[in-house]
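Reader: Can you walk me through this one? I'd like to begin with a helix, then move to the aromatics.
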Amino acid sequence: MSVELDVFVGNTTIMDKEVYQLWLNGYTVNDAVRVRIEGGVMEECEASAEVLLSDTMDQYRTFQMCERLLHHPAKLANQLLFQIPPDRQAMLIERYYAFDDLFVREVLGKKLSKGTKKDLDDVSTKTGITLKSCRRQFDNFKRVFKVVEELKGPLVENIRQHFLLPDQLARDYAAIVFFANNRFETGKKKLQYLTFQDFAFCAGQLINNWTLGAVDNMMEDMDVDLDKEFLQDLKDLKILITDKDLLDQHKSLVCTALRGKTNVFNEMEANFKNLSRGLVNIAAKLINAKDVRDFFIDLVEKFIEPCRSDKWTLVDVNLYLTHYTNSAHILDTFKHHAVWTRYMGVIKSCILRMYHE
């Protein structure tokens, strides 16, 4: 009795994107098989449950063997064990380093240490993300942090080059590294309304304007540490609130510019001095590590909450901060224009991103 067989031989490693995602999400083999069956793969491929189980187990083994290479993405292109096309390599790397916003929001600003890793059980329960996936994401954050924290050059570019990540993902990792290094407080109740992308946007503003890299692109730790000299110079801005004549002149200029342009002019005029003191005091205290950590809480408490309670719209906030910033340059006795511009540019951008009506 003769039997006809169709045989295909190839050396390209076959990787199913759906199965890879199930593996990344921390599903067991059996759970992954169940998801695939529910998705209709058996009818689509005319395969039995046994074949599906075997295929899933085989792919899981492949992913596990690839994982050590994914820890050092540049090695993936040079290894000979797996024949993986460049576009598929890029997919493997990007998905491996992708993360859940819900997860990163829970650990953002915390020390990337064993202590934080012990709390991942609670994070997993709270977010509904599997513990295995939480651990992978946390270990990725820690790995990127360790590699780039001492490198010279732009933080985003270093991440992109060493981990071969697409631009937006590299920028998100830069934000995570920056927050972990400076230990910004993000977990307090009044900050819970802010998303990871809100914080990532603000991190980008801080990195591009307040770090050493903003003035010299080959400084040590250039995009990780805030520029201490700049933070020291911020103390000079206190003259805007300690000199009564200057405070009154500033208020007069801002109110003249705002009159007739907003429905909350009376509230802006009445609260000008309190709001100005709040913004300038934030600047003056940033030389202290604890006050750097409380930066976002201070923005919410000293500016955002008072404006919200007076029913300011986002347009009102933008209008106020624009004239508040520009009017300081008209003051004859105010000499710290460069520091003021560098400070208020970031403050305005962050507040506008954080302000939810």
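Reader: Which residues of helix H1 are buried?
Author: This is a predicted model. In H1, residues 17–24, the buried ones are Val 19, Tyr 20, Leu 22, Trp 23 and Leu 24.
Reader: What do they pack against?
Author: Four helices are listed: H2 (29–38), H4 (49–70), H6 (86–97) and H10 (131–148).
Reader: Which residue caps the N-terminal end of H1?
Author: Asp 16 does. One of its side-chain oxygens is 2.8 Å from the backbone nitrogen of Glu 18.
Reader: And what follows H1?
Author: Gly 26 follows, with a positive phi near 85 degrees.
Reader: Switching to rings. How many aromatic pairs in the whole structure?
Author: The search finds 30. Among them is Phe 334 with Trp 340, an edge-to-face pair.
Reader: Are Phe 334 and Trp 340 buried or exposed?
Author: Both Phe 334 and Trp 340 are buried.
Reader: Back to H1. Which aromatic cluster includes Tyr 20 and Trp 23?
Author: One cluster that also takes in Phe 63, Tyr 96, Tyr 97, Phe 99, Phe 103, Phe 141, Phe 163, Tyr 173 and Phe 196. Tyr 20 and Trp 23 are also on the list of buried H1 residues.
Reader: What sits over the ring of Tyr 96?
Author: The charged end of Arg 136, 5.7 Å from the ring centre.
Reader: Last one. Where does Arg 342 lie?
Author: Over the face of Phe 230, with 4.1 Å to the ring centre.

Definitions and conventions. Residues are numbered from 1 along each chain as its sequence is written. This is a predicted model: local features need pLDDT of at least 70, side-chain atom pairs count only at pLDDT 80 or more; totals for chains, interfaces and linings use all residues. Side-chain values use heavy atoms; hydrogens and water are left out. Buried means under 20% relative accessible area, exposed over 50%, partly exposed in between (1.4 Å probe, protein chains only). Helices (H or I, at least four residues) and strands (E, at least two) are DSSP runs, numbered from the N terminus. Contact means heavy atoms within 4.5 Å. A polar contact is a pair of N or O atoms within 3.5 Å; within protein, one must be able to donate a hydrogen and the other to accept it, and residues adjacent in sequence count only if both atoms are side-chain atoms. Rings of Phe, Tyr and Trp (its six-membered ring) pair if their centres lie within 6.5 Å; planes under 30 degrees apart count as stacked, over 60 as edge-to-face and the rest as tilted. A charge sits over a ring if NZ of Lys or CZ of Arg is within 6 Å of the ring centre and within 35 degrees of the ring normal.
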